[in-house]
Amino acid sequence: MKRVEAVVREEKLVDVKDALERLGVLGLTMAPVKGRGRQRGQTYWRGTSSFPSDILPKLKIDVVVKDQDVESVIEAIMKAAWTGDVGDGKIFVSPMQEVVRIRTGERGDVAI
Ligand SMILES: Nc1ncnc2c1ncn2[C@@H]1O[C@H](COP(=O)(O)OP(=O)(O)OP(=O)(O)O)[C@@H](O)[C@H]1O
Ligand SMILES: [Mg+2]
């Protein structure tokens with residue numbers, strides 16, 4: 001199993017969610033995040049804000065998928081989240097050791 005974490009533009013939420021659903025990927029976690037990529041925007045402090053202006057809001061979408069589904073999930077997220085402009089986001093893939101479905105006690109692939 002792999003964990004696929006996608007940091008995408010906020011307005012791409014529905015497109016990404018729908019693309020995942022078309023692949024049968026239903027379970028997901030998402031959260032608003034703030035971050036920075038490579039572009040070094042002007043950094044100044046706005047009022048009492050604790051975030052410099054080059055730290056921008058994004059959305060993180062987290063899915064755990066079977067190993068054999070990773071490439072299709074990456075491709076689907078890329079297509080759905082792409083605009084071609086800087087700031088389209090990034091996809092991080094890492095190993096997922098175990099998944100437990102609490103209601104049934106199932107583990108591994110079947111618990112996803
Ligand atoms: N190396 C990284 N580690 C952790 N988070 C990152 C990293 N790179 C980007 N991010 C996250 O992804 C968001 C979007 O990054 P972004 O798409 O701007 O990356 P980029 O490398 O600058 O690519 P681009 O040149 O297309 O803008 C950032 O706001 C940050 O939350
Ligand atoms: Mg960038």
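## Ground rules

Because the model is predicted, local features need pLDDT of at least 70 and side-chain atom pairs count only at pLDDT 80 or more, while totals for chains, interfaces and linings use all residues. Residues are numbered from 1 along each chain as its sequence is written, chains are lettered from A and ligands numbered from 1 in the order in which they are written, and side-chain values use heavy atoms, with hydrogens and water left out.

## Overall fold

Let us start with the chain as a whole. It holds two helices and four strands, arranged along the sequence as β-α-β-β-α-β. Here helices (H or I, at least four residues) and strands (E, at least two) are DSSP runs, numbered from the N terminus.

The chain has 112 residues, and 29% of them count as buried. Buried means under 20% relative accessible area, exposed means over 50%, and partly exposed is in between, with a 1.4 Å probe and protein chains only. Of the contacts between residues at least 6 apart in sequence, 73% join residues at least 24 apart; a contact means heavy atoms within 4.5 Å.

## The largest pocket

On a 1 Å grid over the protein atoms alone, a pocket is an open set of points where a 1.4 Å probe fits, with protein on both sides within 12 Å along at least five of seven lines; lining residues have an atom within 4 Å of a point. Grid points are joined across faces, edges and corners, and the volume is the space filled by probe spheres set on the points.

Its lining has 20 residues, and those nearest the centre are Arg36, Gly37, Arg38, Lys58 and Gly87. Strands β2 (29-35), β3 (56-65) and β4 (89-95) are the elements that give two or more residues to this lining. By class, the lining splits into five nonpolar, seven polar and eight charged residues. In this scheme Ala, Val, Leu, Ile, Met, Phe, Trp, Tyr, Cys and Pro are nonpolar, Asp, Glu, Lys and Arg are charged, and the others, Gly among them, are polar.

## The second largest pocket

The second largest pocket comes to about 390 Å³. It is lined by 20 residues, with Val25, Gly27, Val64, Val65 and Ile112 closest to its centre. Both β3 and α2 (70-81) supply at least two residues of the lining, and β3 gives the most, with four. The classes here are 11 nonpolar, four polar and five charged residues.

## Lys58, a buried charge

Lys58 belongs to strand β3 and is one of the residues nearest the centre of the largest pocket. Lys58 is buried yet has no salt bridge, and the nearest side chain of opposite charge, Asp88, is 6.9 Å away. For charge, Lys and Arg count as positive and Asp and Glu as negative, with His and the chain ends not counted. Setting aside residues up to four places away in sequence, Lys58 touches Val7, Val8, Arg9, Glu10, Ala31, Pro32, Val33 and Gly87.

## Salt bridges

Across the whole structure there are 11 salt bridges, each a side-chain nitrogen of Lys or Arg within 4 Å of a carboxyl oxygen of Asp or Glu. Arg3, Glu5, Lys60 and Asp62 are linked in a network of them. Arg101 pairs with Glu106, their closest N and O atoms being 2.9 Å apart; Arg101 is partly exposed at 33% relative accessibility, and Glu106 is partly exposed at 28%. Arg107 and Glu98 meet at 3.3 Å, N to O. Arg107 counts as exposed because its relative accessibility is 54%, whereas Glu98, at 36%, is partly exposed.

Another bridge joins Asp15 and Lys12 at 3.8 Å, N to O. Asp15 is partly exposed at 37% relative accessibility, whereas Lys12 is at 14% and therefore counts as buried. Lys12 sits in the loop between β1 (2-8) and α1 (13-22). Beyond its neighbours within four places in sequence, Lys12 is in contact with Ala80, Ala81, Trp82 and Thr83.

## A loop residue, Gln39

Gln39 is found in the loop between β2 and β3. With 47% relative accessibility, Gln39 counts as partly exposed. Gln39 and Asp54 are 15 residues apart in sequence, and their C-alpha atoms are 8.4 Å apart in space.
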